[in-house]
Each structure stands twice: as structure tokens, then as C-alpha cells.
Amino acid sequence: MTNSNSSISKHYHQLTSVQRGQIQAMLDSGITSRTVIAQEVGCHKSTISREIKRGSVLQRDSSYLLYEHYYADTAQIYYEKRRQNCYQRNPLKHYAVFLRMLSRRFKAKFDATSIDEFVGEFKRTMPGYPCPSTPTVYRYIDHGLLDISNIDLPIKLKRRRNKRRHSHGGHALHKNQPALMTLTERTTRFEVVIKIPDYRASTCQRLLQKEIDRHPAWFKSITFDNGSEFADMTKIKGCQIYFAHPYSPWERGTNENCNGLLRQFFPKGKSMKDKSKAYVQQATDAINHKYRRILQYQTAEELFKQYISS
């Protein structure tokens, strides 16, 4: 590989007027090889081919025969006109459909979609419309160019490590409080959320058994943590029950992640007394209807239906 080849940038850049002058000078001197010109100018040979084609105009020789000749000045004028008509002069107008749908989505009450997930969903469901990148959308929001702000985006929770380990006795103070029992299908990330009136082992076992009896085809095995509220799960029928090792949440990583998504609707430390079953179902639907990157921008619900039917 020659030095000129190795210096060619791997990233695309627009040609400058000086480079266009180099191209014309080489062509006028009889050098017509696109590869040789590209090595001298410092770009790919296909760039040279396109540039010569765009910047050539018809001329007549002394015999009145037509031929094409490349003029650097003409090519530069064409380039500047194209730049003036480029959509980047008004990107908000260019992405009008995307931005209108984005605003409507993030003003909705029950929605857990992130910016990246919305971009992926839009590309999949609206392939004929221009779509900006995820960083571009965040930049528009940070600069105040849209009618949504960071406060309209899903809450970004900070995970904090608690250096003190609480005993199970402390947890018992909350056993009479309503809570959520969450079940996550590992392959599709489909979420089942059940509101329970209290955190007693008998209550958890009874309501889970009811859910399994309603959908026997859904459940093959379930892995719980070692909380005392799951002590009666060995009595469950129609499903194999497993327990994770103590203090090993990574053994139930998918479920832990989905629990984090639900925190947008159920903040930690807040009572569940005023949360109706309808509210719980709406929050669950918001999670299951997300076009998630880990699912190649498909929803957990559509994948789960395919999984069950197959």
C-alpha cells in the first residue's frame, strides 16, 4: 500500500474547492484514471467518479463534436446549490411527522418508552418517513427545540447500594401492606403483574396458583428469591418451582430489570393502597408494549403471543 493510499480517510467528507481544482488540473493534463486521481486528492475513487460526472458539462471541439469536460468552478456552484436545498437547514420541518408522534407519545400518562425505543419503533412502523438518531433527539430536547423536556421522559432511577443488610424481621412490618407480585417470561420479557392485598406467604401462594390455573400453558417453571413471602410456593401445582440463592439477584436478572421499569409507575417506598387493578394493568401494558432494543425493537406482547402459539 502506498503512502497516499494509507492517508485516505475512512470517514466521508465533502470535497473542497481546492480538491476540485486538483481534479480539473489532472484531467486537463491527460490523467483520467479515477484511482490515480483519488490517491492524489485523498478520497475514494468512487467519489472521484461521481464528482466528475456531476461537474462535467457538454462542450464542442473544433470539429463541432460534443464532448464532456469537467470544470471545478461549475462543480463548486452545483455543490453549493445542493447544500442550500439540503434539509439540514430546517431539520425540525424535515422530521415533522416523527416529532409530532414523539410529542404525543411522551405526553401520554401510561407509557414507559424511552427515546431510543421510540426511534426504533418509528423506523420499524413508519419506514417511509425520515427519522433522526437517538442522540439527535436528545440534543433537540436539551436545546429546548421541542415541546417536550427531560421531565417528560421516563424516570431514570439511580441504583444505590445499601451497606446495611436488613433482617427479615424488619420486612415483616410490611406484610399487611398491599404489594405487587411480578412474573417475567425470560425469552420474550413478557410481564405478568398481580396486585396482592398483603405480603403473607399464604396470600402469595393462593393468588399465584389462581394465575397458573387461568393460564396453564403459560407456566413451566418459576424461580423465586428466598423471601419469607414465598415460603409456601412449594405447594404450587402445575408448575416447577425453583429458588435463587440468597443475595443472588443476578440469578433472576430479567425479572429484576422489569421490576426496575415498573418503578416509573410505582415509586419505591410509596403505598400501593390507592393503586387500582386497572392502574396496575395499564402500567403492565405499558411495559409489554415497549418496542425494546433487546428484542430487536419488537414488543414483549407480540413475541409472547408468537411463542405461545408455536
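G238 touches I212 and F219, leaving aside residues up to four places away in sequence. This glycine lies in the loop between β5 (221–224) and β6 (240–243). The model is predicted. The protein has 14 helices and 6 strands. Of its 310 residues, 38% are buried.

- G238 has a relative accessible area of 62%, over the 50% cut-off, so the residue counts as exposed.
- S221 sits 17 residues from G238 in sequence. In space the two C-alpha atoms are 9.0 Å apart.

**Contacts across the chain**
- Take the contacts between residues at least 6 apart in sequence: 52% of them join residues at least 24 apart.

**Helix α2**
- Helix α2 covers residues 17–28, which is 12 residues. From first C-alpha to last it reaches 16 Å, close to the 16 Å expected at 1.5 Å a residue.
- Its buried residues are Q19, R20, I23, Q24, M26 and L27. These cover an arc of only 165° around the axis, so they lie on the same side of α2.
- The buried residues of α2 pack against α3 (34–41), α4, β2 (66–70) and α5.
- Just after α2 comes G30, with a positive phi of about 100°.

**Helix pairs with α4**
- Two packed helices are described by the angle between their axes and the distance between the axes.
- For α2 and α4, the angle is about 80° and the axes are 11 Å apart. The range for roughly perpendicular is 65 to 115 degrees, so α2 and α4 are roughly perpendicular to each other.
- R20, I23 and L27 of α2 meet I48, E51 and I52 of α4. By class, this contact has 4 nonpolar, no polar and 2 charged residues.
- Helix α4 (residues 45–55) also meets helix α5 (residues 72–84): their axes come within 8 Å and cross at roughly 95°. That angle makes α4 roughly perpendicular to α5.
- On the α4 side, the contact is made by E51, R54 and G55; on the α5 side, by T74, A75, Y78 and R82. The classes here are 2 nonpolar, 2 polar and 3 charged residues.
- E51 of α4 takes part in the contact with α2 and in the contact with α5.

**Helix α13**
- Helix α13 runs over residues 277–288 and has 12 residues. At 1.5 Å a residue it should span 16 Å, and its end C-alpha atoms are 16 Å apart, so the two values agree.
- Buried in α13 are Y279, V280, A283, T284, A286, I287 and N288.
- The cover over these buried residues includes strands β3 (179–184) and β4 (191–196). It also includes helices α12 (253–262) and α14 (300–309).

- Most residues other than glycine have a negative phi.
- R189 has a positive phi, near 65°, and is not a glycine. This arginine is found in the loop between β3 and β4.
- Q296 has a positive phi of about 55°, although it is not a glycine. Q296 is in the loop between α13 and α14.
- Q296 counts as exposed because its relative accessibility is 60%, and exposed means over 50%.

Key. Residues numbered from 1 in each chain as written. Predicted model: local features only at pLDDT ≥ 70, side-chain atom pairs only at ≥ 80, totals over all residues. Heavy atoms only, no water. Helix = DSSP H or I, 4+ residues; strand = E, 2+ residues; numbered from the N terminus. Expected span 1.5 Å × (residues − 1). Buried < 20%, exposed > 50% of the residue type's maximum accessible area, 1.4 Å probe, protein only. Contact = heavy atoms within 4.5 Å. Axes fitted to C-alpha atoms, helices over the stretch in contact; angles between N-to-C directions. Parallel < 35°, antiparallel > 145°, perpendicular 65-115°, else oblique. Nonpolar A, V, L, I, M, F, W, Y, C, P; charged D, E, K, R; others polar. Arc of directions from axis to C-beta.
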